[in-house]
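Student: I have a structure to go through. Can you take my questions one by one?

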Amino acid sequence: MGSIKDKAAIIGVGCTKFGELWEKDVEDLVVEAAYEALDDAGITPDDIDAAWVGLLYNFTGLSGGAFSEPMKLFGKPVTRVENFCASGMDAFRNACYGVASGVYDVVIACGVEKLTDIGGSGLPMTGFSHPIIGGISAPGMFALAATRSFHEYGWTKEDLGRVAIKNHKNGLSHPKAHFRKAVTMEEVLSAPIIAWPLGRFDCCAMSDGAAAIVIARPEIAKKSKHKDDYVVVKANALAAASTQPMFRNSSDFLNFPATKAAAAQAYAEAGIKDPAKEISFAEVHDCFTITEILNCQDLGFCEQGQGAKFVAEGHTEVEGNIPVNASGGLKCFGHPIGATGCRMIYEVTKQLQGRADGAQVKDPRLGLAHNLGGPGSICSVTILGRPD
Amino acid sequence: MANIASSGAYIPLYRLSRQLIGNAWGIPAVPGERSVANADEDSLTMAVAAGLDCLAGIDQSTIDGLFFATTTAPYVEKQSAGIIAAALDLRRDINTADFTGSLRAATTAMRAAADAIDSGNARSILVVAADCRLGEPESMWEQLLGDGAGAVLLSKDGPVAIRGTVSIAGEQVGPWRRSEDRYVRSFEAKAETQYGYASVVIEAGKTLMEKMGISANDVAKAVITSPDPRSHIGVGRTLGLQPAQLQDTLFLSIGSPGAALVLLMLAGALEQAKAGEKLLVLNHGDGADAFLLELTADIAPAPGRRGLLGHLFQKRDLPNYTSYAHFRKLMERDEVPADSSAIIYWRDAKSELNFHGARCLNCGIVQYPAPRVCGECGTKDKFEDVKLAGKGNVYTYTLDHLAFGQYLNVPIPRLVIDLEGGGRVFLEMTDGDPQEVKVGLPVEVTFRRLHEGAHFHNYFWKCRPLPQS
């Protein structure tokens with residue numbers, strides 16, 4: 001098997017404001033994100049050889065038409081990618097491979113979701129499981145890991161709360177984040193329970209938004225608008241695990257095997273031996289506070305069982321040795337499902353280029369983006385850096 | 001003649017004090033409390049529970065028939081007995097039948113079962129009875145009715161011989177329910193009790209006692225059903241029976257559980273009966289049935305069988321009338337839409353109803369639902385079918401406030417359970433306080449109605465905390 005390292009370069013990124021965007025539809029979000037990315041790259045839609053659009057729900061869109069129709073991009077290959085909450089990064093992954101294969105010169109990946117059109121409370125779960133066997137809510141899926149971690153390690157709701165507080169603090173400075181408001185531990189602990197032990201501030205809310213990434217072959221990047229500061233893909237991995245961990249005898253609910261597998265592949269591809277030291281910062285999938293803590297363990301930033309302590313000691317703060325979610329993460333920035341993977345790439349790219357919209361991490365060399373879907377059933381890990 | 005080999009009972013966990021019903025409407029209350037089926041229960045699910053109780057310790061593959069007796073069948077066109085038989089994991093080559101439309105249905109079913117066994121057409125037939133009748137709000141019916149189920153296993157062999165039986169047909173309008181009626185109706189209670197109940201039950205009792213050549217003194221216990229708390233006493237007196245010989249009609253503790261009453265009372269009587277004793281059973285409803293039973297041996301206690309006593313004292317008081325109105329869906333509310341597919345439901349019946357999984361013949365791990373490829377060792381299509389144990393311990397859980405696009409004030413506990421003997425399942429918890437759930441909690445499965453996706457009753461298993469012993 002080969003490697004994608006240094007074969008795909010990011011030459012433009014775009015991202016809409018995330019939030020409850022009642023007055024915007026999918027067309028608005030796709031056009032705004034894509035054109036921001038195209039302008040950032042200094043190119044026009046005619047320059048695009050192929051497009052991938054990541055989205056989860058059919059009510060957001062069906063087929064590549066979710067991208068080609070708003071953009072009026074006809075006569076070109078446009079593919080819809082769906083892989084639960086990892087749809088966005090999987091669209092990015094496919095776009096990178098399109099370029100790394102040598103067939104396409106310039107491609108675009110766009111992630112989008114229009115969650116607020118659905119009404120009601122919580123993510124619709126139709127089709128996620130059998131009509132009779134095994135239904136659960138999205139927060140419920142991750143609450144199972146929180147309950148078991150509390151039992152196994154003695155973690156508490158305060159340990160979870162620290163993640164929410166950090167991410168809300170980070171989001172305060174990001175102009176595109178859904179929430180621009182700090183939260184206190186009292187607010188976190190007294191919030192209504194959504195799926196015990198997760199309360200309202202342990203769960204990301206329903207947001208709309210889109211993000212887009214323009215990718216080119218490195219030879220083309222060297223001549224592009226970002227010729228002096230383009231970012232390259234050092235690794236991109238994708239790994240599947242069970243979609244029904246609640247029925248798997250071997251699930252311990254203390255880690256996500258999909259993350260561990262994808263991380264191992266990504267580190268091998270990028271040549272990273274000690275992620276805790278070599279990864280400068282990360283955007284990780286904090287759909288719920290518990291998930292961010294487990295992600296730190298699964299990604300090798302700290303030992304299994306030490307995640308709560310790792311966060312409590314401040315290592316993942318913007319000033320810490322491995323800032324996690326300087327953007328505010330899913331919790332504060334928002335999680336329009338399909339958009340998130342692409343938004344993470346947007347953020348990591350701009351951080352590496354020293355032009356972060358919000359809090360800027362210091363001396364970033366290698367940035368990691370981690371996108372997790374379903375009940376930990378699919379994970380994509382991307383590592384970006386400056387070209388060698 | 002056929003024998004009774006076993007009996008069983010099921011009473012829902014919840015009770016509502018009659019005083020609370022009286023307070024809700026500002027009307028007088030009669031003493032005691034009534035049982036209230038949970039929102040996810042109906043006559044079919046309760047019948048499964050009573051059937052499981054009756055079959056505790058018995059190999060269910062020996063059962064040749066399943067008769068279900070009720071006046072509150074969940075379908076007017078669709079057999080419930082077949083669904084109950086699947087949930088009890090009985091064989092498919094058996095005779096299943098619903099006996100509906102009369103409070104007397106359970107003993108009608110018993111006669112049919114005894115006749116089948118006597119004719120040699122069956123070795124064992126399980127008769128289950130359950131009812132979930134509704135009384136008009138603000139009426140005395142609401143206080144008098146209760147929800148419950150009973151079961152009796154008739155068999156070629158058993159410690160209780162059926163010595164004789166008599167049936168009297170008797171048309172007396174009242175009480176009744178037409179198919180379009182939601183609530184039980186009555187025209188004139190006194191006349192209905194005198195002619196629709198007392199006179200025909202007395203006639204059946206007298207006829208049987210003469211036929212069998214016995215007198216009231218020969219009877220150790222008389223199971224005489226009753227439409228109200230006291231009328232059975234007058235019937236007993238006319239037959240020469242003392243109040244001490246009369247089996248408790250359960251009015252004070254659970255109310256009148258319709259077709260299930262006779263089997264619940266019989267279960268109670270058999271729990272106390274001794275070898276050599278004779279029991280008289282009189283059941284009413286559009287006529288009357290009479291049975292004379294005789295214990296030819298002591299009834300050995302069966303491990304795992306709770307019976308009437310095991311259910312009477314397992315109870316939680318509902319705090320108010322509104323809980324009952326909520327459980328029994330008295331108020332019209334927007335129905336929460338659910339998805340389902342009758343094809344998927346049929347195809348996966350073995351997982352959903354029979355609760356079967358599979359053991360991988362390569363690595364030995366039990367899995368649910370049965371897969372094509374083993375999730376542990378990757379071997380394809382090398383499995384043996386296994387019936388999963390109905391008990392296990394909680395590995396992890398959540399209390400989920402989100403369901404069907406709504407925020408629920410009372411969460412649904414969702415439990416990852418490691419079953420005894422292998423297999424891991426993920427089930428909703430019912431009949432328990434969400435705050436009492438913890439890792440390691442021992443639970444047992446219970447058959448419930450999940451939702452109405454695709455406009456049919458989607459039955460499946462939930463779990464509940466093990467009752468205190």
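Student: What makes strand E5 of chain A and E16(B) a pair?

Tutor: Two strands pair if DSSP finds at least two bridges between them. Strand E5 (residues 193–196) of chain A and E16(B) have two bridges, in the antiparallel sense. So they meet the definition of a pair. Within E16(B), Leu399(B) stands opposite Trp196(A).

Student: What should I know about the model and its numbering?

Tutor: The model is predicted: local features need pLDDT of at least 70, side-chain atom pairs count only at pLDDT 80 or more, and totals for chains, interfaces and linings use all residues. Residues are numbered from 1 along each chain as its sequence is written, while chains are lettered from A and ligands numbered from 1 in the order in which they are written.

Student: How many residues of chain B are in contact with chain A, and what makes a contact?

Tutor: A contact needs C-beta atoms, placed from the backbone, within 7 Å. By that test, 34 residues of chain B touch 29 residues of chain A. E16(B) (391–403) is one of the contributing elements. Its share is the largest, eight residues. Strands here are DSSP runs of E, at least two residues, and helices are runs of H or I, at least four, numbered from the N terminus.

Student: Which parts of chain A count as domains?

Tutor: Domain 1 is 9–117 + 207–221, and domain 2 is 138–201 + 232–385. The bounds come from an automatic or database domain assignment. Their centres, over C-alpha atoms, are 23 Å apart. The contact takes 37 residues from domain 1 of chain A and 35 residues from domain 2 of chain A. H3(A) gives the most to the domain 1 side, eight residues.

Terms used: Two residues are in contact if their C-beta atoms, placed from the backbone, lie within 7 Å.
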